[in-house]
Amino acid sequence: MILGQDRAVEQFASAWAGRKLHHAWLLAGPRGVGKASFAHAAARRVLAEAAGPPVDLPGIDTPDEHPIVKLVEAGSHPDMRWLRRVENDKGNLNRNIKVDQVRELGEFMGLSAALSPWRVAVIDTVDDLEASGANALLKMLEEPPPNTLFFLVSHGPGRLLPTIRSRCRMLHFEALGDDAMTSILEAQSPSLSESERKKIVAMSFGSASRALAFAELGLAKLEEEAVAIIRQGDPTNARRSALATELGKKAAAERYAAFLELAPSLIAREARSLRGPTLERALDAYAKARELAAIAPRVSLDASATVFQIGGILAEVASLKR
């Protein structure tokens, strides 16, 4: 079940029920709100109903025991492809989805469907396509094979080629509400206390993936340390140095990645209480933190130095409030 995105579910389910489908669906919205989960659920529903037996469930739900669903879950359905960044020879994720992956998808589109007339391709995310890959995808969207569905996951649709956007039907995904966030945490992290859940919901800004990362990695304390810098400053550099030392360790790679997402959001939250020129400077600090957080993993900046630099940006916000 897809929580908190009832409008998107209803729009697609209605189109599929009437078989009046656009061939390409652009799933647009912030990170961690269920876009990839929606694509997975919609693919299950389409392929299961197309091959049979019929599905008697609402929306885009499917029973786990359906034989087609089992193939999708095993990653072995012959009529489905899922494109994402893959690991390189060093064991790290590539920066982009490579053009060769898109060309392989084109070869797949040239084959006859195996289990039903329908095929599904998910690109998670289309934002990650290198330029030549985006152009290769565009050719497929311009001349789509019959009975083929593309689900293009995007965190920033405004950055896509206009020609790609124009060939898609866009489904908007919003930040999740507190009730949906609480339900997800109750199901996925049942050991959390009620107070812990409330705190995580408040600091996750409607992103389920962020909330689950906070729960798994114990990031509540990290958030407290970052907020202390934002509100009290760091005149001796001690607080940002401690953060840099903690998150610069090799074993802290996942917490470091989560901190890169967290820091700009905390600045944005603090900026809501500001006005006038002070607000403008806080938004400048947010932009700097967000840019650094985006660039750091892509160009492999030193983790400790990056955290120290972001700590300095957090301290700038504190100085604005004095």
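**Reading one predicted model, feature by feature**

Me: Buried or exposed: which is Arg-45, and what is its relative accessible area?

Reply: Arg-45 is buried, with a relative accessible area of 7%. Buried means under 20% relative accessible area, exposed means over 50%, and partly exposed lies in between (1.4 Å probe, protein chains only). Keep in mind that this is a predicted model, where local features need pLDDT of at least 70, side-chain atom pairs count only at pLDDT 80 or more, and totals for chains, interfaces and linings use all residues. Residues are numbered from 1 along each chain as its sequence is written, and side-chain values use heavy atoms, leaving out hydrogens and water.

Me: Where does Arg-45 sit, and which residues does Arg-45 touch beyond four places in sequence?

Reply: Helices (H or I, at least four residues) and strands (E, at least two) are DSSP runs, numbered from the N terminus. Arg-45 belongs to helix α2, residues 35–51. Contact means heavy atoms within 4.5 Å. Leaving out residues up to four places away in sequence, Arg-45 touches Trp-16, Val-55, Leu-57, Pro-58, Gly-59, Ile-60, Asp-61 and Thr-62. With Leu-57 there is also a polar atom of the Arg-45 side chain lying 3.0 Å from the Leu-57 backbone oxygen.

Me: How many residues does the largest nonpolar core have, and which have the most contacts inside it?

Reply: In soluble globular proteins, nonpolar side chains tend to be buried together. A nonpolar core is a set of buried Ala, Val, Leu, Ile, Met, Phe, Trp, Tyr and Cys residues joined through side-chain atoms within 4.5 Å. Here the largest one has 74 residues, with Phe-12, Phe-38 and Phe-151 making the most contacts inside it. A second, separate core has 24 residues, including Leu-26, Ala-134, Leu-137 and Cys-168. Among the residues that Phe-151 touches, not counting those up to four places away in sequence, are Phe-12, Trp-25, Phe-38, Val-120 and Ile-123.

Me: Which residues does Leu-247 contact, leaving aside neighbours within four places in sequence?

Reply: Leu-247 is in contact with Leu-222, Ala-252, Arg-255, Tyr-256, Phe-259, Ala-303 and Val-307, with neighbours within four places in sequence set aside. Leu-247 is found in helix α11 (residues 238–247), and counts as buried at 1% relative accessibility. Leu-222 and Leu-247 are 25 residues apart in sequence, and their C-alpha atoms are 9.8 Å apart in space.

Me: Where are the cis peptide bonds, and which residues other than glycine have a positive phi?

Reply: Most residues other than glycine have a negative phi, and most peptide bonds are trans. In this model, a cis bond joins Gly-52 and Pro-53, with omega about 0°. Pro-53 is in the loop between α2 and α3 (67–73). Another cis bond joins Asp-124 and Thr-125, with omega about 5°; Thr-125 is in the loop between β3 (119–124) and α5 (131–142).

For phi, look at Arg-19, where the value is positive, near 55°. Arg-19 lies in the loop between α1 (6–17) and β1 (24–28), and is partly exposed, with a relative accessible area of 44%. Ser-300 has a positive phi of about 55°. Ser-300 sits in the loop between α13 and α14 and is exposed, at 62% relative accessible area.

Me: In which loop does Val-299 lie, and how exposed is Val-299?

Reply: Val-299 lies in the loop between α13 (276–298) and α14 (303–320). Val-299 is partly exposed, with a relative accessible area of 42%.

Methods:
A polar contact is a pair of N or O atoms within 3.5 Å; within protein, one must be able to donate a hydrogen and the other to accept it, and residues adjacent in sequence count only if both atoms are side-chain atoms.
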